[in-house]
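Hello,

Here is the structure we spoke about, for your files. My notes on it follow below.

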Amino acid sequence: KNYKITLLSGDGIGPEIMQVAVSVLQAIAPKFNLTFAFEAALAGGSAFDATGHPLPAETLALCQSSDAVLLAAVGGEKWDTLPSHLRPEQALLGLRAGLGLFANLRPAKILPQLIDASTLKREVIEGVDILVVRELTGGIYFGLPKGIFTDENGVRRGVNTMAYTEPEVDRIGRVAFESARKRQSTLCSVDKANVLDVSQLWRERITKLGAEYPDVKLSHMYVDNAAMQLLRYPKQFDVIVTGNLFGDILSDAAAMLTGSIGMLPSASLGEPGKPGVFEPVHGSAPDIAGKDLANPLAQVLSAAMMLRYGLNESAAADYIEQAVTKVLDSGKRTGDIMASGCEQLGCKAMGEALLAA
Ligand code: NAI
Ligand code: MG
């Protein structure tokens with residue numbers, strides 16, 4: 001099978017880590033009878049410098065016509081004083097809107113080799129493997145009315161509205177049930193249905209959808225309890241599905257269980273058959289850019305997520321994840337995950353170790 005992949009290396013460490021991910025994809029392709037047609041395009045600060053816009057129209061068009069988009073990271077101090085519509089982050093928002101990305105998938109997996117990198121207790125985090133599925137284009141971040149209003153008594157009031165429609169809940173629900181099927185077939189839907197009407201609709205729709213997925217074990221949890229359970233006994237979770245605001249908070253909390261930002265991939269998906277965007281959770285790390293110090297593993301694991309969730313090539317995704325495990329097992333580390341007795345490698349050397357594995 002042939003796939004057209006758009007590469008957005010962006011800024012900072014982006015080009016260094018992207019190069020590693022591409023070499024890994026190229027190396028595994030023949031084994032799985034795949035070919036990749038890679039096309040690089042500009043996004044972020046470097047795109048602004050070259051074209052005056054952080055997401056040039058050609059870039060978006062290329063993304064829309066590809067099978068998947070692999071993104072590294074955008075941003076840097078150099079562009080921090082630009083007006084907001086020209087800032088590098090605008091590229092991410094433009095991609096979300098232009099590709100209709102409504103589902104954000106954020107895995108938090110504790111790799112046994114890195115357990116000491118976490119500040120949490122070993123018995124709490126050992127074996128944790130969670131996927132947070134966050135709704136990305138609805139909820140309180142977009143609901144109307146919104147704004148700061150002054151009433152007839154001159155009192156100012158800040159307003160946001162948490163709203164979900166049935167179709168919006170159904171489509172994120174489907175992504176979550178399908179994702180659960182690719183994992184341990186256990187789904188926990190998180191809401192605040194004891195207080196919020198919008199959550200009652202959410203729970204009703206997710207429950208209804210559950211009848212179509214009898215093989216997936218479905219449960220519901222209030223968000224305050226979910227926050228406690230994530231810290232108390234995170235192993236109980238497989239897939240968590242939740243709305244935009246709750247998902248923003250819980251996905252960051254779950255990620256930090258792993259204690260290592262250079263290891264965390266993510267996926268943002270739109271309608272089935274449309275290209276998704278796959279990127280590490282971390283930013284452009286300007287402090288270490290160009291020094292061959294970056295950890296490329298989050299980018300490589302993002303490429304694995306692209307195979308699993310974007311292209312339905314799970315066997316190839318497994319293979320890449322196993323190579324990462326193998327390299328860590330052999331004691332090789334980049335600086336950010338260095339531990340005593342391990343061998344410290346730069347970004348390039350880590351890439352070579354992966355290819356060897
Ligand atoms: P950051 O994630 O870039 O860096 C935070 C810290 O983690 C730094 O010390 C960095 O060196 C380290 N780090 C990050 N990724 C690493 C890797 N792969 N290997 C080794 N160390 C790594 O976050 P920060 O510093 O807040 O933001 C830097 C720039 O990135 C800003 O312009 C920000 O707006 C942008 N950013 C972009 C994101 C994106 O493209 N999705 C997400 C977050 C921030
Ligand atoms: Mg966040």
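A compact globule of 357 residues would have a radius of gyration near 21 Å, and the protein chain has 21 Å, which agrees. Please keep in mind that this is a predicted model. The C-alpha trace spans about 65 × 50 × 40 Å along its principal axes. Buried residues account for 46% of the 357 in the protein chain. Of the contacts between residues at least 6 apart in sequence, 73% join residues at least 24 apart. The secondary structure amounts to twelve helices and 14 strands.

Core

The largest nonpolar core has 103 residues, and the members that touch the most others are Val133, Val300 and Ala303. Helix H10, residues 297-310, gives the most to this core, with ten residues. Both domain 1 (1-108 + 260-357) and domain 2 (119-258) supply at least three residues each to this core. For Val300, if neighbours within four places in sequence are left aside, the contacts are Val20, Ala21, Val24, Ile320, Val324 and Leu354.

Ligand

Ligand 1 is surrounded by 20 residues. Gly75, Gly262, His282, Gly283 and Asn295 are the closest of them. By type, the shell around ligand 1 divides into ten nonpolar, seven polar and three charged residues.

Backbone geometry

Most residues other than glycine have a negative phi, and most peptide bonds are trans.

- The peptide bond between Leu144 and Pro145 is cis, with omega about 0°. Pro145 belongs to strand E6, residues 143-150.
- Asp292 is not a glycine, yet has a positive phi of about 60°. Asp292 sits in the loop between strand E12 (276-280) and H10. Because 15 other C-beta atoms lie within 10 Å of its own, Asp292 is partly exposed.
- Asn312 also has a positive phi of about 60° without being a glycine. The loop that holds Asn312 runs between H10 and helix H11 (314-329). Is Asn312 buried or exposed? Asn312 has 11 C-beta neighbours inside 10 Å, so this residue counts as exposed; the cut-off for exposed is 12 or fewer.

Regards

How values were computed. Residues are numbered from 1 along each chain as its sequence is written. Chains are lettered from A and ligands numbered from 1 in the order in which they are written. This is a predicted model: local features need pLDDT of at least 70, side-chain atom pairs count only at pLDDT 80 or more; totals for chains, interfaces and linings use all residues. A residue is near a molecule or strand if its C-beta atom, placed from the backbone, lies within 6 Å of it. Ala, Val, Leu, Ile, Met, Phe, Trp, Tyr, Cys and Pro count as nonpolar, Asp, Glu, Lys and Arg as charged, and the others, Gly among them, as polar. A nonpolar core is a set of buried Ala, Val, Leu, Ile, Met, Phe, Trp, Tyr and Cys residues joined through C-beta atoms within 7 Å. A residue is buried if 20 or more other C-beta atoms lie within 10 Å of its own, exposed if 12 or fewer, and partly exposed in between; C-beta atoms are placed from the backbone. Helices (H or I, at least four residues) and strands (E, at least two) are DSSP runs, numbered from the N terminus. Domain bounds come from an automatic or database domain assignment. Two residues are in contact if their C-beta atoms, placed from the backbone, lie within 7 Å. The radius of gyration is taken over C-alpha atoms; the globule rule is 2.2 Å times the number of residues to the power 0.38.
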